[in-house]
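Colleague: I have a chain here that I would like to go through with you. Could you take my questions one by one?

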Amino acid sequence: MTAFTYEWNINDLVVLNEIKNASFKQLFRSPIFVAFGYKWCLEVYPNGGYKKGDVELYLTAPAYPVKLKSIHIMFTLRCLQTNTKYSYTTVFDKDRKSFGWPKETLSTQTIQSCHTLTFAVTLESISVYDGNDNDVTVSFDRGSSMSSNISKEDNAKKSSAKTKSGFGGGRRVSVGVKNDKNTNTVRDQQQLIMAQLDSLAMNMETMMQKMNQFESRLDEEQKEKEKNEAMSLQLFSQLQTQINLMQARMKKLELNVNVDPEQQKLKAWLDSTDGLADYYNVFIGHDITDFSALSLMNMQDIENMGIDNLQHQMLILRKVLELNQSNKNQL
C-alpha cells in the first residue's frame with residue numbers, strides 16, 4: 001500500500017477564535033489536496049454537526065473523478081495538539097463521499113486551550129477501480145507520488161502561508177514512493193494548480209457566505225417579522241392538530257360508552273396483554289362477545305378466526321386457560 005499524509009494548519013488567531021466559539025452545525029473546510037487520483041479535503045464541525053459539544057472531523061472527497069468507480073482506503077484522522085487519533089478502512093464512491101471519526105472522540109472543551117490547531121489525515125490505498133471495474137491500483141499508486149513529491153521550498157511556503165479566508169495552509173508530507181521526476185513534472189504541476197484553484201474556489205465560497213450573513217443582518221427586522229408570522233402559522237397548525245386528536249379521543253370514548261358491558265370486559269381482557277388489543281374486532285366478528293364464549297375456545301377456534309401468529313395464538317390460549325382456572329377457584 002502507498003501512504004499519503006496531509007496536514008491542515010490553523011494558526012490564524014481570528015479563525016482559531018471562530019473555531020473555538022463555533023455554533024452548532026457550523027462547518028469549516030480545509031484547502032483541497034490530491035491523492036490517488038481523487039481530490040480530498042478535511043471538514044470539521046468544532047461544536048458538533050450531530051451532537052453539540054463534539055469536535056467532528058471528516059475526510060471528504062468533494063469532487064468525484066468521472067473515470068473512477070471507487071477507492072478502497074485505510075485512513076487515519078488526527079488532531080496533533082490533543083493527540084487524538086482514529087483509523088478506519090472503507091470504500092469511497094459516488095454515493096459515499098465522507099467518513100469521520102466516531103462521536104465523542106474529541107470534545108469542544110478540549111480544544112479551548114489550544115493556541116493552534118493541526119488536523120491531519122494519512123491515506124493508504126488498498127485498491128482503486130475504474131468505471132469498467134478494472135483494478136487500476138498500481139497506476140494510481142505511481143500517480144500518488146506526483147501529488148506528494150513537492151519540493152522543500154514549496155512545503156515551506158505552504159506551511160507558512162494563510163489563505164484569504166484565514167485558514168492555515170495545508171501541507172503535503174512526502175510518502176515512500178519513488179518516480180522519475182522528469183516524467184511526472186508536468187502532471188505534478190497540473191495537479192498542484194488544480195488543487196490551488198479548488199482551494200481558491202472554496203475560499204471564495206466562504207467569503208460569499210460571510211457577505212450573505214452581513215446582508216442578512218440588514219434585513220433582520222423583516223426576517224423577524226416573517227419569523228413571527230411563521231411561528232403564528234406553526235402555532236395554529238399545532239392547535240389544529242391538538243383539536244383533531246381531542247376529537248378523535250372523544251369519538252373513541254363515545255364508542256366505548258355505547259359498548260356492551262360484557263364486550264368492554266373482553267376488550268379490557270385483550271388490552272391487558274401486549275399485542276392482543278388489535279384482535280378485539282376479530283373476536284366480535286366471530287361472535288365471541290363475552291367470557292362465557294371465550295372460556296370454551298381452543299387452539300382450533302383461534303386458528304379458524306384467522307389468527308395465524310403463533311406467539312399470539314399461544315398468548316390467547318394461555319389467557320383462556322388462566323380465565324378458566326380463575327373461574328374454578330371462584331367456584
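Colleague: Which residues of helix H6 (residues 261–271) are buried?

Modeller: The buried ones in H6 are Leu266, Trp269 and Leu270, where buried means under 20% relative accessible area, exposed means over 50%, and partly exposed is in between, using a 1.4 Å probe and protein chains only. Helices (H or I, at least four residues) and strands (E, at least two) are DSSP runs numbered from the N terminus. Please keep in mind that this is a predicted model, in which local features need pLDDT of at least 70 and side-chain atom pairs count only at pLDDT 80 or more, while totals for chains, interfaces and linings use all residues. Residues are numbered from 1 along each chain as its sequence is written, and side-chain values use heavy atoms, with hydrogens and water left out.

Colleague: How do the buried residues of H6 sit around its axis?

Modeller: Looking down the axis of H6, its buried residues fall within an arc of 95°, so they line one face of the helix; the arc is that of the directions from the helix axis to the C-beta atoms.

Colleague: And what about H1, which residues are buried there?

Modeller: In H1 the buried residues are Val15, Leu16, Ile19 and Lys20. Their arc, seen down the axis of H1, is within 140°, so these residues also line one face of the helix. At the start of H1, a side-chain oxygen of Asp12 comes within 3.0 Å of the backbone nitrogen of Val14.

Colleague: Stepping back, how many helices and strands does the chain have?

Modeller: There are 10 helices and 10 strands, and of the 331 residues of the chain, 38% count as buried.

Colleague: Which residues have the most contacts inside the largest nonpolar core?

Modeller: Those are Trp40, Leu59 and Phe119, in a core of 39 residues; a nonpolar core is a set of buried Ala, Val, Leu, Ile, Met, Phe, Trp, Tyr and Cys residues joined through side-chain atoms within 4.5 Å. Among the elements that each supply at least two residues of this core are E1, helix H1 (13–20), strand E4 (38–45) and strand E9 (117–130). E6 gives the most, with six residues. A second, separate core has 17 residues, including Tyr280, Met297, Leu315 and Ile316.

Colleague: Back to E1, then: is Thr5 buried or exposed?

Modeller: Thr5, which is found in strand E1 (residues 2–10), counts as buried at 13% relative accessibility. Its side chain is joined to that of Thr122 by a polar contact of 2.9 Å, meaning a pair of N or O atoms within 3.5 Å, where within protein one must be able to donate a hydrogen and the other to accept it, and residues adjacent in sequence count only if both atoms are side-chain atoms.

Colleague: How many disulfides does a search of the whole structure find?

Modeller: It finds zero disulfides, a disulfide being a pair of cysteine sulfur atoms within 2.5 Å. Cys114 is in no disulfide, and the nearest cysteine sulfur, that of Cys79, is 5.8 Å away. Cys114 is buried, with a relative accessible area of 8%, and Cys41 counts as buried at 0% relative accessibility.

Colleague: Where does Gln112 lie?

Modeller: Gln112 is in the loop between strand E8 (98–100) and E9, and is partly exposed, with a relative accessible area of 29%. Its C-alpha atom is separated by 8.8 Å from that of Asn21, although Gln112 and Asn21 are 91 residues apart along the chain.
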